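Here is a short report on a two-chain model. Please keep the sequence and the 3D view open while reading.

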Amino acid sequence: MHKVLAVLRREFLSRVRTRAFVIGTVLGPLLMGFIVFLPVLLERRQTDARHVVIVDAASGTFGGRVEQRLNGELRDSASGRHRYQVERVVTSPDQIVATRDSLVAMTGLRKAPAGSISGILIVTDTGLAAGRLSYLGTNVGSPSDMNAMERSLTRVVQVERLNRAGVDSAIAFSALRPVDLSTLKVSEGKLTGESGGASFALAYAMSFLLYIALLLYGIQVMSSVVEEKSSRIMEVLVSSLSPFEMLLGKVMGVGSVALLQLGIWAGTAMALTTFRVQLAGLFGVPAAAVGSLPIPAVSPEMFGVFLLFFVLGFFFYSAMYAAVGSMCNSAQETQQAQLPITVFIMAGFFGMFALLSEPAGSLARILSLVPFFAPFITPVRYSFAPLPLIDLLLSVGAMVIGILVVVWIAARIYRVGILSYGKKATFADVARWVRQS
Amino acid sequence: MADAILRVENVVKRFAGHTAVNNLSLDVPRGGLFGLLGPNGAGKTTTIRMIMSIILPDEGRITLFGEPASRALSSRLGFLPEERGLYKKMEVLEHLIFLGEIKGLGRADARARARRWLDRLGLGAWTSHKVEDLSKGMQQKVQFISTLLHDPELVVLDEPFSGLDPVNALDMKNIVIEMGREGRTILFSTHIMEQAEQMCDRVVIIARGEKVLDGTVAAVKAEAGNRNVALTFTRNRERARAVLADRALVAHVDDSGTMAELELAPGAEAEALLTALVGAGVGLSRFEVVEPSLQSIFIARVGPGAAVAPASGDDREVIHA
């Protein structure tokens, strides 16, 4: 154990003392803060209303209603800022193309007398009947802009159609008012005060952190094995340490670095969410705007489950990475050899998205018993609703069995691999290494 | 030998392609320098790896300090592998402490010992430099210190002087000789016979995995007899060829160009050889009846072909877990 600790300490210190670790640890929270506050800052930046010109070739009052409707749209209720600045050009159906083209030419002019035009909305009778209007604009790539406009136009068209069928427009308007569903998460018989959006954000953030950390630190274990091989220090180590002691010390050493870094990041994340209103104040962001962000509250149990599954996943995957490292002679060789492991980690990460729609379904339950995927699936399931203890224990048990199997195989590959130089090991070679005593 | 610190008995190690060590037995007595000699590919490194319990023999037994060899004894052994290597980014002192710790030393103890050794080898000013900042010779010294740090009873050095410049090689050689004088046991392998001849008390020479010669240097030489002649040519070297090829006069020659060492054929006299060489018009600056060198004894036993390593197949070694 003394020897394993010596290896552990060496692996830990030689990483923590590097500039890369310090930079990574500091940049992580900065990036997180950036992600949290970026939407708020972007929102503030877009103070200008979109300048939209309506080319109205429709008969009756429809064009006017569209103009009225768009003029009434607000960017957010708190500030009372308008979403659109609207102008209407009345024309006849045979003049649409000409009008449109001259307006399109004007979108390029930044200093046009009327300000730059973001888009042109063409309103015609046929369009109204078919439910097809066309919009030409510089912002058509923005899903949020297009969704907002589609919503507004749908309402106007619906009211207009009812109106023409003889329904009073005031009645039509109030009948068509949409439902705003506000979601709050219930957990363990209590209201959490957390919205559905926040639950998703938490699941996403956790999987992403797990994905990045497992990949990053697994590969560190692998390259450290390759480095020991290529620098030939392996020869000294194998005379004093058993391959298992080396493997254990290395995995635990790198794992402690990962835990330290994740701890710093998680602590920062907690501080950011707790003091987000005060922090946002420093950037001049109003408290109301911050409050609307989907930032989840992380319970201590959730945090514990997250760390537990990180540790389990790390042992599982880094043992495999170490075995791959021992099979290779150089960093270049590992690029290809590590691919199968990386694919499993990616499958686990992307599998999480498939489960978001049904976190308690049978597929989710089965996948939490598969060691390759459990490190991602189980914490995500837990974030939606605390799992029954038995489910949690089964998942942990499956991980532990998986780890024992993987470490056994990895150690057998490792003890041959670390002293084999030159020829690249084939799959058949590796299979023989595992079998031979 | 009852007090053998290391005993290797009928050890066999086979790899997929060939037998690397074949029925090898040797005893290393406590104290002094013991040479494991042989050309490249003779099985020296494989034998040493088995002694260090890095790999296990297929047959036979290895006993260290009277106990079956195992990695549990590694704290009583010092090991310098043939392939040297250190963590390049680690500081010298930290590195030595780590290597001491995996041999079972406590941190403080390892630190004190490492400092003492660094001072002794003139590296005292380099303790907090990174290993990669050191010259190759200095790195070798650091690694050499690591084999001695924990005061091992048996020091195993695999080709300790290869790859060193002459100054550093001499430094190391002196330390090894001094340790031998202090009563420590040192087993070292080399393919340079002259080196072993100058330094070792006892030698084992192996070729193709098998033992060829075994005993004290003096006994090995005495057994070979004083029938060797050393020659140094000054001119007309080519005229000597016919004389040296005469099997009535010369049993075999270890020819190194301007110098040659030969063993006289049974019944042949040194004077007859000298007469023949002078008669052929060969210029000589040296004609001396000498003790045979280990090199010439070795070649006499196995023939010059033994210097060629066998073709190896897949000789991956399984590390003893």
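Two strands pair if DSSP finds at least two bridges between them. Strands (E, at least two residues) and helices (H or I, at least four) are DSSP runs, numbered from the N terminus. This is a predicted model: local features need pLDDT of at least 70, side-chain atom pairs count only at pLDDT 80 or more, and totals for chains, interfaces and linings use all residues. Residues are numbered from 1 along each chain as its sequence is written, while chains are lettered from A and ligands numbered from 1 in the order in which they are written.

**Sheet in chain B**

Four strands of chain B form an open sheet in the order β12-β13-β11-β14, with antiparallel pairing. The edges belong to β12 (250-255) and β14 (283-290) of chain B; each has a single partner strand, so one side of each is left without a neighbour in the sheet. From one strand to the next the twist averages 20°. Angles run from 0 to 180 degrees between N-to-C directions, and axes are lines fitted to C-alpha atoms, for helices over the stretch in contact.

β12(B) and β13 (residues 259-264) of chain B run antiparallel and are joined by five bridges. Val250(B) stands opposite Leu264(B) in β13(B).

Two helices pack on this sheet. Contact here means that the C-beta atoms of two residues, placed from the backbone, lie within 7 Å. Helix α9 (residues 270-279) of chain B touches β11 (228-235), β13 and β14 of chain B, and its direction makes about 170° with that of β14(B). Helix α10 (residues 294-302) of chain B touches β11, β12 and β13 of chain B, and its direction makes about 125° with that of β12(B).

**Chain B as a whole**

Chain B has ten helices and 14 strands. Its C-alpha trace spans about 70 × 45 × 40 Å along the principal axes. Of the 321 residues of chain B, 40% count as buried. A residue is buried if 20 or more other C-beta atoms lie within 10 Å of its own, exposed if 12 or fewer, and partly exposed in between; C-beta atoms are placed from the backbone. Among contacts in chain B with a separation of 6 or more, 72% come from residues 24 or more positions apart.

**Interface**

The contact between the chains takes 25 residues from chain B and 24 residues from chain A. On the side of chain B, helix α2 (residues 92-101) gives the largest share, three residues.

**Helix pairs in chain A**

Two packed helices are described by the angle between their axes and the distance between the axes.

| Helix pair | Angle | Axis distance |
|---|---|---|
| α13(A) (300-327) and α18(A) (389-417) | about 15° | 8 Å |
| α15(A) (339-355) and α17(A) (374-384) | about 35° | 8 Å |

α13(A) is thus roughly parallel to α18(A). Angles under 35 degrees count as roughly parallel, over 145 as roughly antiparallel, 65 to 115 as roughly perpendicular and the rest as oblique. The contact includes Phe315(A) and Phe316(A) of α13(A), and Ile403(A) and Val406(A) of α18(A).

**Leu162(A)**

Leu162(A) lies in helix α6 (residues 143-164) of chain A. Leaving aside neighbours within four places in sequence, Leu162(A) is in contact with Val167(A) and Ala172(A). Leu162(A) and Phe173(A) are eleven residues apart in sequence and 9.4 Å apart in space, C-alpha to C-alpha.
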